[in-house]
Amino acid sequence: MSRRLRRSHEPPFWLLFGAGGLLAALILPAVVLFTGLIAPLSGRCGDSGLLEHARMLSLLSTPIARLACAGFIALLAWHACHRIYHLCHDLGLRGGAGLRWACYGTAALVSVIGLVLVMGLPHP
Amino acid sequence: MSERPTIVIEVRRWHPDAEQPPWWQAFELPYREDQSLLEALQHIKDELDGSLTFRWSCRMAICGSCGCMVDGRPELSCHLLMGDLAPGPVRVEPLAHFPVIRDLVIDQQDVLDKLPVAGAYLVPGDDTSATEPSRQTPAQVAEYAQFAQCINCLLCYSACPQYGLKPDFLGPAALALMARHDADSRDAGQAERREARDATSGVWDCTLVGHCTEVCPQGVDPARAINRNKGASARDYLLDLLLPGRRR
């Protein structure tokens with residue numbers, strides 16, 4: 001039987017996808033809870049400044065916090081783009097190398113833009 | 001004595017020698033609530049049309065012979081009761097994604113060829129003595145027992161959209177059996193199975209749709225087996241990248 005086995009180069013992309021999914025599952029519910037419930041409720045109770053720009057910026061006062069934020073944005077982008085790429089395959093859309101470049105290129109672009117924007121924020 | 005209720009079963013027929021495309025044939029037959037769909041098909045063959053062709057053997061969901069699509073879902077026909085299918089009509093087709101030999105009989109050769117590629121057999125280690133039994137603790141058995149329940153009925157291959165899109169994919173059962181033998185304390189074949197595991201047609205063709213796990217009549221979880229091996233494959237990919245010459 002002739003069955004050619006070619007090693008897959010999917011693992012690094014799958015690891016980025018997995019890391020993004022884990023972060024999304026862990027952090028996004030907290031973000032939704034905070035921005036959707038706690039902040040509006042605290043506004044009603046008198047403290048309307050929870051989501052104030054200066055306060056948000058102070059969260060990113062250290063380089064490590066900025067790197068973590070940029071990493072968070074990047075991993076979510078890799079997660080989403082990997083899922084979209086495979087969803088296209090599941091739906092029978094044969095995009096080939098063009099689709100692969102479009103999906104992972106978008107993730108790489110979002111990562112770079114996110115890093116530049118977050119690191120370039122003014123210091124409080 | 002009261003009349004038994006009847007049900008309509010529509011069967012997708014195809015005979016390679018009749019130069020005719022596949023056609024649907026409807027049979028109306030009496031049924032009992034506790035009768036299996038396989039028994040209903042046997043009734044058709046015995047009483048209504050002797051040319052209807054299908055595989056069966058044990059009648060109790062352990063041989064894996066009688067798989068077919070029932071109303072679009074892969075099932076063992078012996079594992080469905082007519083009472084649950086009533087009032088019908090019930091549509092019965094050959095298992096999806098396989099070449100049809102005749103009526104409900106499919107050609108399973110592709111999967112049979114893939115089992116040895118996936119190393120779906122025990123590879124004894126050097127220290128195995130033929131005179132001594134290989135004893136295992138209950139914990140060691142529990143490591144692989146779940147994946148060892150596979151009866152090769154191929155329902156998971158019909159359920160798997162990836163196998164339908166990419167016939168090269170080793171597929172759920174072969175990859176679950178790969179994980180089953182990798183997890184066996186008596187086995188020494190992990191290194192031999194790595195090439196198939198790490199290949200594009202190995203674990204990486206799976207996109208974790210999970211339908212294989214839902215249709216398995218034995219409660220095997222191929223999706224979990226494959227994703228466990230994705231972790232192992234990714235670890236080896238990174239180690240091979242960081243330590244050149246590690247592999248081969």
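Predicted model: local features only at pLDDT ≥ 70, side-chain atom pairs only at ≥ 80, totals over all residues.
Panel 1. Chain B exposes about 12,200 Å², and carbon and sulfur atoms supply 51% of that. As for what's tucked away, 47% of the 248 residues of chain B count as buried.

**Panel 2. The fold of chain B, with 10 helices and 7 strands.** Follow the C-alpha trace and you'll find that it spans about 75 × 40 × 30 Å along its principal axes. Take the contacts in chain B between residues at least 6 apart in sequence: 66% of them join residues at least 24 apart.

**Panel 3. The charges of chain B, 25 positive and 35 negative.**

**Panel 4. A:C88 and the cysteine closest to it, A:C103.** The A:C88 sulfur sits 5.7 Å from the one in A:C103. A disulfide needs the two sulfurs within 2.5 Å, so this pair is too far apart for a bond.

**Panel 5. B:C68, another cysteine in no disulfide.** Here the nearest cysteine sulfur belongs to B:C66, and it lies 6.7 Å away. B:C68 is buried too, with 2% relative accessibility. Over all chains, the disulfide count comes to 0.

Definitions and conventions
Residues numbered from 1 in each chain as written. Chains lettered and ligands numbered in written order. Heavy atoms only, no water. Buried < 20%, exposed > 50% of the residue type's maximum accessible area, 1.4 Å probe, protein only. Helix = DSSP H or I, 4+ residues; strand = E, 2+ residues; numbered from the N terminus. Contact = heavy atoms within 4.5 Å. Areas by Shrake-Rupley, 256 points an atom, 1.4 Å probe, with all protein chains shown as cover. Lys, Arg positive; Asp, Glu negative; His and termini not counted. Charge placed at Lys NZ, Arg CZ, Asp CG, Glu CD.
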